[in-house]
Amino acid sequence: MNDLNQSTLDQPKVVGQRTPRIDGEFKLTGRAGYTGELSVEGMLYGYPVAATIAHGTLERLELDEALAMPGVVDIFHHANFPRLHRSPNSMGHGDQVSEVRLPFEDERIYYHGQYVALVVAESFAQARAAAQRVVARYRQEAGAISSLLDGAHDSHSEGELLKDAGTRRGDPEAAFDGAAVKVDAVYHIAAESHLQMEMHATLAEWRDGGSRLVVHESSQGVFYQRNAMARIFDLAQENIEVISHYIGSGFGNKLFMWPHAVAAAGAARELGRPLKLVLPRPQDMTSGGNRPASRQRLRLGADRDGRLSAVIHDSTTETSLVDRYVDACGSATPSFYACDNLAVSQRILALNHGTPCPMRAPGEVSGIFALETAMDELAVALQMDPVELRLRNYAHKDPESGLPWSSKQLDKCLHSAAERFGWAQRDPGIGAMRDGDEIIGYGMAACTWFAGRQPCQARVELRADGTLFAACGTQDIGTGTYTIVAQTVAELTGVALADIEVKLGETSLPAGPLSGGSMATATTLPAVAAAVRDALGALKEVATGHGGVFAGCDADSLTVAEGTLSDGERSYRFAEVLEAMRLSSVNGQGSSAPGEEKKQYSFRSFGAHFVEVRVDPGISRVRVSRVVSSMDIGRAINPPTARNQVEGGIVMGIGMGLFEKLDYDPRDARLINANVADYIVPVHADIPEIDVELLDYPDFKFNEFGARGVGEIGLTGIAPAISNALYHATGKRYRDLPVTIEALL
Ligand code: MOS
């Protein structure tokens with residue numbers, strides 16, 4: 001009999017198989033409670049009042065009319081909000097926040113949308129109505145800094161050079177100067193909104209006379225929020241519980257806590273009643289994070305055969321005046337192509353905008369747009385097939401660390417996607433491919449995302465009722481974490497998925513990782529597996545102990561299959577083993593963390609996107625008409641949800657390429673389109689046939705599951721594949737995103 005407990009997972013039965021989401025029915029029938037839908041006895045509602053200027057001072061709040069409105073309980077602002085402690089912006093301590101400035105901390109206005117007051121009332125409608133009657137008087141100042149896109153060439157907009165953020169090898173400037181073929185171009189990407197379906201939401205409740213805080217938050221990192229709240233409210237971490245069971249997505253804007261949660265918890269404590277705050281969409285967009293705009297200069301030098309001799313990648317990204325967010329555009333560049341001479345630099349420029357934060361494939365997606373567009377420009381200059389140019393500069397080991405790749409199949413991605421797309425039928429002439437009124441353009445780009453792991457703990461319980469329970473304090477942000485945890489337990493025990501219960505998203509559970517950085521799968525599953533093995537070990541002890549079903553046997557000789565323990569002749573279901581000893585359950589603990597493998601290998605996922613666009617020049621219309629992609633992500637634990645992540649990334653990439661742009665008024669730095677009507681995202685009609693292939697090369701050097709993670713890579717490389725296809729169609733190089741209809745005219 002095959003012993004599941006000892007399985008090396010190289011021939012898995014459940015892992016890697018199409019598995020319907022275990023929480024799917026729960027969500028579809030409305031039983032899954034999202035933060036904004038929860039209510040508790042005696043709960044109040046908060047509604048923020050947000051600054052309508054971006055630069056100046058709050059002079060006065062006129063509150064009398066609002067305070068007199070029905071149901072209004074109180075209004076908090078600078079003069080009456082409790083004084084709290086700041087939590088530092090330090091990832092290392094696990095208490096990072098998205099914006100270090102506390103709500104209502106001073107009366108300066110740093111950005112449009114900054115909270116100036118919080119109205120609290122008995123109902124949501126009452127709070128909102130009263131918030132609209134609060135009158136704020138400002139002293140607006142001239143000179144708001146609005147966009148790094150506007151003042152691209154004056155010295156002020158250069159930003160602050162981050163000394164620690166760059167990297168260098170060889171002599172890139174000399175190599176560039178001496179290169180036979182050069183590209184030197186500047187790329188701009190507009191700020192984008194995460195526009196996740198569920199807006200930021202907090203439900204804060206103080207218990208035990210105000211000594212304990214329970215917070216429901218739509219969060220990608222309950223432990224980070226707990227730790228930050230402990231700092232801010234000066235409480236022991238064990239006196240705070242943060243819960244996030246179901247999340248209507250987060251694309252990085254829910255990794256770290258925002259001031260609205262502090263406002264909600266502070267007001268709840270002052271009033272001695274639970275309080276719920278769901279950000280209205282405009283404030284979610286002004287004050288709940290965004291992908292910052294970027295300006296990048298890319299210099300590529302190559303010989304006549306297309307071999308890169310120099311790569312110089314200089315980036316400037318926006319931050320706010322109240323925090324220092326760095327969107328590291330150049331972070332993938334040093335590892336992408338083989339090149340001995342390379343420099344990457346990073347600057348940040350503080351603007352009167354809401355604080356930016358990570359947004360799906362942060363930094364790298366912007367950097368890869370510049371790099372992969374520049375590579376296409378180089379291919380044109382060389383009159384070389386862009387696929388061939390990439391193969392010629394293939395990095396067979398990580399050029400930055402010098403380490404071998406754990407597993408890299410980019411060449412297979414390029415070949416497979418090119419084949420399925422029909423790249424060989426491309427006529428490389430500009431505008432050479434037509435269909436009626438439409439010009440057809442073909443474009444491609446390679447893509448990548450790093451693979452990382454974090455420390456993680458998990459707990460597993462085998463129960464006498466025949467069920468299994470697995471718990472980990474990570475979150476399922478909609479990507480399918482509940483399901484892959486259950487698959488892991490099923491794989492190692494042979495118990496049916498229907499008999500496995502998974503609990504995630506609570507700080508009362510063993511500490512789990514952020515749901516971010518495409519790291520949750522590779523981080524969580526090894527800890528869950530360790531906990532399963534520990535629980536099975538405990539079960540074997542029970543079975544072989546005095547009075548046990550295998551009393552006197554050697555525990556190590558027992559094997560596990562299909563929810564049973566066996567000695568080769570007799571087998572007993574787990575429940576029978578427990579029943580025999582009158583035990584309700586046995587427990588197992590497990591943990592995992594990145595280890596020695598980090599010193600031996602470099603871990604990255606790679607992929608390739610091929611895009612067809614159709615441009616109708618008569619009516620200035622552009623359509624993405626086909627996308628064909630191949631991804632090398634290690635093993636997909638649940639192929640449909642993994643493919644769904646890549647498809648979602650591609651849709652977001654079409655938005656980045658053609659539609660999405662936070663529009664700031666250059667005169668006063670106000671965000672003009674902080675609503676879903678004016679912020680344009682792709683709709684179904686904009687989405688073509690998407691053909692995603694997941695190559696199956698399990699990366700066992702990374703973890704026993706062979707999974708590297710899949711949340712972000714699909715987005716990288718789409719925008720440059722679109723702009724490269726537009727060049728092929730029109731002969732015009734599009735270096736600014738989004739490529740709007742106006743730009744095509
Ligand atoms: Mo992602 S930006 O790590 O949620």
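Student: How do the axes of helix α9 and helix α17 cross?
Tutor: In this predicted model, the axes of α9 (residues 364-382) and α17 (residues 718-730) come within 8 Å and cross at roughly 30°. Helices are DSSP runs of H or I with at least four residues, numbered from the N terminus. Axes are lines fitted to C-alpha atoms over the stretch in contact, with angles from 0 to 180 degrees between N-to-C directions.

Student: Are they roughly parallel or roughly antiparallel?
Tutor: α9 and α17 are roughly parallel to each other, because angles under 35 degrees count as such, whereas those over 145 are roughly antiparallel, 65 to 115 roughly perpendicular and the rest oblique.

Student: And which residues of α9 meet α17?
Tutor: Ile368, Phe369, Glu372, Thr373 and Asp376 in α9 meet Ala719, Pro720, Ser723, Asn724 and Tyr727 in α17. Two residues are in contact if their C-beta atoms, placed from the backbone, lie within 7 Å.

Student: How is residue numbering done, and what pLDDT is needed?
Tutor: Residues are numbered from 1 along each chain as its sequence is written. Local features need pLDDT of at least 70 and side-chain atom pairs count only at pLDDT 80 or more, while totals for chains, interfaces and linings use all residues.

Student: New topic: what does the C-alpha trace span?
Tutor: Along its principal axes, the trace spans about 80 × 70 × 50 Å.

Student: How much of the chain is buried?
Tutor: Of its 745 residues, 57% count as buried, meaning that 20 or more other C-beta atoms, placed from the backbone, lie within 10 Å of the residue's own.

Student: What about contacts between residues 24 or more positions apart?
Tutor: They account for 82% of the chain's contacts with a separation of 6 or more.

Notes: A residue is buried if 20 or more other C-beta atoms lie within 10 Å of its own, exposed if 12 or fewer, and partly exposed in between; C-beta atoms are placed from the backbone. Helices (H or I, at least four residues) and strands (E, at least two) are DSSP runs, numbered from the N terminus.
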